[in-house]
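Please keep the sequence and the model in view while reading.

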Amino acid sequence: MIKKVTFAATLVTSVLLTGCFDSDKAPEEIAPVSEYTLEPVVETIAEEIAPEIVEQVLTNGKVMYNNLGCSGCHGAGGNSVIPSYPSLAGKDASWIFQQLKDFQSGARIDATMNAMAPMAEGHEQAIADYLSNQ
Ligand code: HEC
């Protein structure tokens with residue numbers, strides 16, 4: 001009788017444990033719950049529910065300028081308050097566009113901007129238009 005109870009308890013425990021953990025992976029390899037649950041939700045919103053909203057964000061120069069970190073150096077609205085970072089507000093859009101392309105290709109060399117400009121890829125025009133209108 002005691003043996004049977006012990007066996008049943010072991011069985012239940014092992015079934016529960018197998019259900020709770022991915023036994024092939026060490027705990028640190030298992031992604032946090034948020035990664036499992038949020039990624040598909042965000043992807044669904046982007047692809048199916050509101051692709052036009054995603055498009056609006058990606059073509060919004062202000063949003064891209066602020067979220068790519070440009071404003072951290074070049075200031076809010078492109079008005080820099082740090083002398084070593086040039087102000088971009090009111091500069092000609094096609095000139096800004098070309099500077100970003102030149103930083104990306106290496107035609108213009110500056111270690112910081114050669115690292116930053118690739119992040120603006122695909123958003124150069126939107127950012128340039130936004131800054132030129134400040
Ligand atoms: C860590 C600071 C930093 C960040 C972040 C940064 N920049 Fe710059 N940026 C600089 C510096 C420094 C220069 C001047 C480079 C030089 O002297 O050639 C510059 C130059 C520029 C220029 C040319 C301006 C001129 O007067 O010649 C443009 C355009 C520009 N950055 C756009 C951007 C955009 C767009 C982003 C965001 C994707 C960005 N930068 C992020 C530091 C930064």
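**From the last helix outward**

In α8 the buried residues are Glu-124, Ala-126, Ile-127, Ala-128, Tyr-130 and Leu-131. Here a residue is buried if 20 or more other C-beta atoms lie within 10 Å of its own, exposed if 12 or fewer, and partly exposed in between, with C-beta atoms placed from the backbone. Helices (H or I, at least four residues) and strands (E, at least two) are DSSP runs, numbered from the N terminus. The model is predicted: local features need pLDDT of at least 70, side-chain atom pairs count only at pLDDT 80 or more, and totals for chains, interfaces and linings use all residues. Residues are numbered from 1 along each chain as its sequence is written.

The cover over the buried residues of α8 includes α4 and α6. Leu-131 illustrates the packing: beyond its neighbours within four places in sequence, Leu-131 is in contact with Tyr-65, Gly-78, Leu-88, Ala-89, Lys-91 and Ile-96. Two residues are in contact if their C-beta atoms, placed from the backbone, lie within 7 Å.

Leu-131 also belongs to the largest nonpolar core, which has 14 residues; Tyr-65, Ile-96, Leu-100, Ile-127, Tyr-130 and Leu-131 have the most contacts inside this core. The elements giving two or more residues to the core are α4 (61-67), α6 and α8 (124-132), and α8 supplies the largest share, five residues. Such a core is a set of buried Ala, Val, Leu, Ile, Met, Phe, Trp, Tyr and Cys residues joined through C-beta atoms within 7 Å.

Attention now turns to α6. This helix of 13 residues reaches 18 Å from its first C-alpha to its last, close to the 18 Å expected at 1.5 Å a residue, where the expected span is 1.5 Å times one less than the number of residues. Its buried residues are Ile-96, Gln-99, Leu-100 and Phe-103. Seen down the axis of α6, these buried residues fall within an arc of 95°, so they line one face of the helix; the arc is that of the directions from the helix axis to the C-beta atoms. Ser-94 and Ser-105 are exposed on the other side of α6. The cover over its buried residues includes α7 and α8. After α6 comes Gly-106, with a positive phi near 95°.

The ligand is surrounded by 20 residues, the closest being Cys-70, Cys-73, Pro-86, Asp-110 and Met-116. A residue is near a molecule if its C-beta atom, placed from the backbone, lies within 6 Å of it. α5 (70-74), α6 (93-105) and α7 (111-116) each give two or more residues to this shell, and α5 gives the most, with four.

Over the whole chain, the secondary structure comes to eight helices and zero strands. Of its 134 residues, 15% count as buried.
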